[in-house]
Amino acid sequence: MEDHSNSYGFFAAISRMRYIERWALMRNSRPENLCEHAMEVAMIAHALCIIGNRRFGKSLNADRAAVIGLYHDASEIITGDMPTPVKYYSEDIKSAYKQVERIAEIKLTGKLPSDMKDIYDGLFRYDDNGDDDEIYVRRLVKAADKISALIKCIEEKKSGNTEFLTAYDSTKKIIDDMSDELPEVKVFSEEFLPAYEQTLDELI
C-alpha cells in the first residue's frame with residue numbers, strides 16, 4: 001500500500017466539483033455540474049471587470065475575479081448544492097448555512113501546505129471591511145454567479161423545458177436590480193446575454 005502521509009488533498013478535492021450537480025430540485029434537460037458553473041462564473045466575472053476598466057475607468061483586478069469565481073462554490077464539495085428556496089428561506093437558515101460553508105472552506109484549505117494556505121483562504125474569505133476594489137470585485141463575482149444561473153434558465157427554456165420559467169423570471173429580476181448599482185452587469189446583459197438565445201448556426 002502506498003504511503004500518502006505527506007500528500008495534500010486540496011486539489012484532488014477541488015477536482016471533485018465535477019461530481020456535484022446543481023439545480024437538484026429541478027427537472028433538467030441537461031444536468032449542470034459545479035465545475036462547469038465555476039468555469040462560467042470565472043469567465044463572466046473576468047469580463048465584468050474588463051468592462052468596468054474599459055468602459056467606466058476603473059482599475060479592477062480581472063484575473064483575481066476569475067480565480068475567485070473558480071473557487072466561489074468550492075465548499076459545495078463538502079456541503080452539496082443547497083437549493084436556493086431552502087438556503088434563503090429565513091435569515092436563521094441563511095446565517096447557519098454561511099457558517100457551514102465557512103467550516104467547509106476551512107476544512108478544504110486545511111488540506112494545503114502552510115506556505116500556500118493563506119493565499120487560498122484569501123480567495124474564500126470575504127471581508128466587508130476590506131479594500132474597496134476587492135469588495136467591488138466580489139460583488140461582480142456574485143453578479144456573475146446570477147448571470148450564469150440565468151444562462152442556465154435560458155438554455156433550459158430553449159430546450160422546451162418549462163420547469164425553469166419561474167427561475168428565469170426571478171433570476172432576471174435579481175440581475176436587473178443589480179444593474180442599477182453595477183453598470184458592468186447592465187452592459188453584459190444588453191450586449192452579451194441576447195446571444196445566448198441564438199443557435200450555433202447563428203453564432204458562427
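E105 and R102 both lie in helix α6, where three residues, about one turn of the helix, separate them. Helices here are DSSP runs of H or I with at least four residues, while strands are runs of E with at least two, and the numbering starts from the N terminus. The two side chains form a salt bridge whose closest N and O atoms are 3.2 Å apart, a salt bridge being a side-chain nitrogen of Lys or Arg within 4 Å of a carboxyl oxygen of Asp or Glu. E105 is buried, since its relative accessible area is 11%, whereas R102, at 25%, counts as partly exposed. In these terms, buried means under 20% relative accessible area, exposed means over 50%, and partly exposed lies in between, with a 1.4 Å probe and protein chains only.

The model is a predicted one, in which local features need pLDDT of at least 70, side-chain atom pairs count only at pLDDT 80 or more, and totals for chains, interfaces and linings use all residues. Residues are numbered from 1 along each chain as its sequence is written, and side-chain values use heavy atoms, with hydrogens and water left out.

Side chains of opposite charge can pair when their charged atoms come close. A search of the whole structure finds 14 salt bridges, and the table sets out three of them.

| Salt bridge | Closest N to O distance |
|---|---|
| E105 and R102 | 3.2 Å |
| R22 and D73 | 4.0 Å |

The bridge between R22 and D73, with its closest N and O atoms 4.0 Å apart, links distant parts of the chain, for R22 is in the loop between α1 (10-14) and α2 and D73 is in the loop between α3 (62-71) and α4 (76-79), 51 residues apart. Both ends are buried, R22 at 10% relative accessibility and D73 with a relative accessible area of 10%.

Most residues other than glycine have a negative phi, and most peptide bonds are trans. The phi of W23, however, is near 60°, a positive value in a residue other than glycine.

Which residues does V137 touch, once its neighbours within four places in sequence are left aside? V137 is in contact with C49, L60, N61, A65 and I68, where contact means heavy atoms within 4.5 Å. V137 has its place in helix α8 and counts as buried because its relative accessibility is 4%. The C-alpha atoms of V137 and R64 are separated by 8.2 Å, although the two residues are 73 apart along the chain.

A13, in helix α1, is likewise described as buried, at 14% relative accessibility. Not counting residues up to four places away in sequence, A13 touches I77 and L108, and from C-alpha to C-alpha A13 lies 9.1 Å from I78, a residue 65 places away in sequence.

In helix α10 (residues 183-191), the buried residues include E184, V185, V187, F188 and S189. The cover over the buried residues of α10 includes α2 (34-56), α8 (132-158) and α9 (165-181).

Turning to the rings, the structure holds eight aromatic pairs, rings of Phe, Tyr and Trp (its six-membered ring) being paired if their centres lie within 6.5 Å, with planes under 30 degrees apart counted as stacked, over 60 as edge-to-face and the rest as tilted. Ring pairs link F10, F11, Y71, Y120 and F124 into a cluster.
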